[in-house]
Amino acid sequence: MEIIRKNVFTGEYKVQIKVSVSGYPRIGKQRELKKWTESYFKGAMSEQELIKNAQELRLNQNSLLYQKGIDYIPSNDFSMYDQVLDTAVMLNIIPAQYQNLNLSPLGKYFAMAKGYQKDIADVKALAMKKWFTTNYHYIAPVIDDTVEIKLNAQKPIDEYKTAKDLGIETKPIIIGVFTFIKLCKFETSQNHQDIINKITNAYIQLFTEFKNHGVKLVQIDEPMLVTDLDQEDIDLFKSIYNELLKNKNGVAALLNTYFGDIRDIYQDVLAMDFDAYGFDFVEGIKNLELIKQYGFAKDKQLFAGVINGRNIWINNYEQTLEILNTLKQYIDAQNIVISTACSLMFSPYTKENETQLSSEVLAQFAFAEQKLDELNDLRLLFGDQDYASNQKYQDNIALIKQKLQNQDYIDTEVRQRVQNLTEKDFVRVPDFETRFEIQAKELNLPKLPTTTIGSFPQTIEVKRNRAKFKKGEITKEQYDQNIKDFIKQAVQYQDELGIDVYVHGEFERNDMVEYFGENLSGFVFTKNAWVQSYGTRCVKPPIIWGDVKRLQPITVPYSVYAQSLTDKPMKGMLTGPVTILNWSFPRVDIPLEELCYQIALAIREEVLDLEKNGIKIIQIDEAALREKLPLRKSEWKQYLDYAIKTFRLTHSGVQPQTQIHTHMCYSEFGDIIKEIDDMDADCISFEASRSNLEVLDDLQANNFKTAVGPGVYDIHSPRVPSKEEIKTAINKMIDKLGVKKLWINPDCGLKTRGWEETLKSLKNMTDAVKEIRAEKGF
């Protein structure tokens, strides 16, 4: 699609700067895809209707980008669940336990993502892991001896063709061979190089299919290139693409990278037969330096990623045009395509959905749809030598200054508290081993103590109570009484199950981050700014607008009430500072480190209040600590220094007998296991079941001192684990770690599950523990 526009500045026609989008949100403006898919799971929507609705949503988005004048519109970025899983299915990487299910292809697809349990069929879901440094989770493919690699190109071809039928030319997006291989888990006796060759040959066939259907340009996403690469990695990449590019059959290939720079392989890829390169100039701190030092490939396009796809703040046109004008010194302007730095799937859909925020606040935001407008603004400004006098440019500069110069959101007291912190504020006394003995006497828990991670099912009644209160249909007193009724029921369930350490269920919380943000200064909240976390799970990150402090006790009343209902220990449940920071859209005018310390001081106050009110076990979740670990090891220290210290700050003031827990989920922990131990918690629970308890080896190898609770079953799947299955997992844990510091719990919170499956699963868990205690004489 060749779009030529009249230059609005001179009235003359000039060479048109083109713009590109690397990917677009797919859940729908009102989370339509989520709702349809969940209806399908419940049997309330047919497969045919789901597919039809999803196609209509996808084509509407293609049309929107076309109407916005985007030159390079993505296709095959849409997914019913996950793009990595889509790639596995495209390559027929479907292990036999899923392939043999008596289900449709879509049913098998969802079984891989969620597990499947019906009649005699019972399969677990594939592992779920974090997509680089985002809060998006991908399904990790498994290549075992039952897998036969062969191409099934139906999805990318159909999505290209259906857009083409509307007159919309798209660039299909595919995950590159190198990145895909790095994300796969190999459980096969086959030679790995043979498997890589088969996958490469399938991609060659895919390019033939693209050629046959008239595709002009393919975007090959290789984000793994921004990580640390050794010579073996570089040689593997070159061997794959030297073969693939020899057989691209006249289809142009765009090598697209994001989330960092490609310093380890820049010169190598430039020498290869790609037709265009996509570099991230937002997070890729060295990409501009690489071009300055080594130049750029002559007569090839650069897709310059200058629009941040991962935040909600307006683009700073002055800074962006400085980058583009620098690039123009090394690359012909006609060969520069202005692009998003990564997919926009990490951004909410549109500001049009927001009706409760002030115009002053909304003016500072650009969601996915507004980022399309920013691309067009930059296209026109970059094409004009006198852009500084243009009204769009001047308005943008004024908005940037307005936020920076606004003193209303600056809290000098909070900033001074951060400045006054000393090293002793990050050290808890006495040491862990001494505390362990004190807490053992204080709590008097049995061997293999059982607990849950925090939340219980957010039922329709729970959500309705919250909605009625927000709409003013019930009073605060009525709302609180309903919450107490939910808590009372949860305590009764835990009594019946024989759980050792209780939780109150978190029925007052809409989200583990947003809830705390609502009770802290410095945050603003949207109504519909949803982004996809995984599959049908969407989150609505709060926005950190100003300095942060605690305004009043947040969780204390509910925790105290819950504790009054039982003699068992009731955990106080908090979200840690790193997770609040990482799962929000943070402000960009102060360092993240300073912002994290502000949040930590607020959580510290809540911890001390819980302790003062008789709560003996306090869990401070840091589910997202590993998530934002930089992709390059050379940058780890700076992040870990403040991430670990801010957590320690939250709990360093408590008494020795108060037990501090934390929780981490869906990440790979082995490479920072020592730093996790340095958090100096008393117990850490890990997501572990989907990854087959791989974390046990890391804990054992590093002589992990902290007590641990590796998850014994997967809560992100509706399947109910059997008692024997859980016993097997527990015995494996005992063999690796012993029993002295071992806790038994599910993988994560239970808010997304229903009560029926929750109670069945927890009963199997507690029954399994009781049997093991009896068998081993504990």
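Which elements each supply at least two residues of the lining of the second largest cavity? They are α2 (47-67) and β2 (73-75). The model examined here is predicted.

## Cavities

The whole structure holds seven cavities of 30 Å³ or more. Two or more lining residues come from each of α3 (83-90), α6 (154-165) and β8 (170-175). Helix α3 gives the largest share, four residues. By class, the lining of the largest cavity has twelve nonpolar, five polar and five charged residues.

The second largest cavity has a volume of about 100 Å³. It is lined by 13 residues, and R58, Q61, N62, P74 and D77 are the closest to its centre. The largest share of this lining, four residues, belongs to α2. Five nonpolar, four polar and four charged residues make up the lining of the second largest cavity.

## Nonpolar cores

The largest nonpolar core has 106 residues. W131, I199, F237, Y241, F274 and L327 have the most contacts inside it. Helix α8 (residues 192-212) provides the largest share of this core, nine residues. Another core, of 102 residues, lies apart from it and includes V513, Y515, V548 and L696.

Beyond its neighbours within four places in sequence, F237 touches F178, E222, L225, L255, I265, V269, M272 and F274.

## A buried aspartate

D261 sits in the loop between β11 (252-256) and α10 (266-270). It counts as buried because its relative accessible area is 2%, under the 20% cut-off. The side chains of D261 and R263 form a polar contact of 2.7 Å. Outside four places in sequence, D261 contacts L225, V226, G284, I285, K286, N287 and R632.

Notes. Residues are numbered from 1 along each chain as its sequence is written. This is a predicted model: local features need pLDDT of at least 70, side-chain atom pairs count only at pLDDT 80 or more; totals for chains, interfaces and linings use all residues. Side-chain values use heavy atoms; hydrogens and water are left out. A nonpolar core is a set of buried Ala, Val, Leu, Ile, Met, Phe, Trp, Tyr and Cys residues joined through side-chain atoms within 4.5 Å. Buried means under 20% relative accessible area, exposed over 50%, partly exposed in between (1.4 Å probe, protein chains only). Contact means heavy atoms within 4.5 Å. A polar contact is a pair of N or O atoms within 3.5 Å; within protein, one must be able to donate a hydrogen and the other to accept it, and residues adjacent in sequence count only if both atoms are side-chain atoms. On a 1 Å grid over the protein atoms alone, a cavity is a set of points where a 1.4 Å probe fits but cannot get out, and a pocket is an open set with protein on both sides within 12 Å along at least five of seven lines; lining residues have an atom within 4 Å of a point. Grid points are joined across faces, edges and corners, and a volume is the space filled by probe spheres set on the points. Ala, Val, Leu, Ile, Met, Phe, Trp, Tyr, Cys and Pro count as nonpolar, Asp, Glu, Lys and Arg as charged, and the others, Gly among them, as polar.
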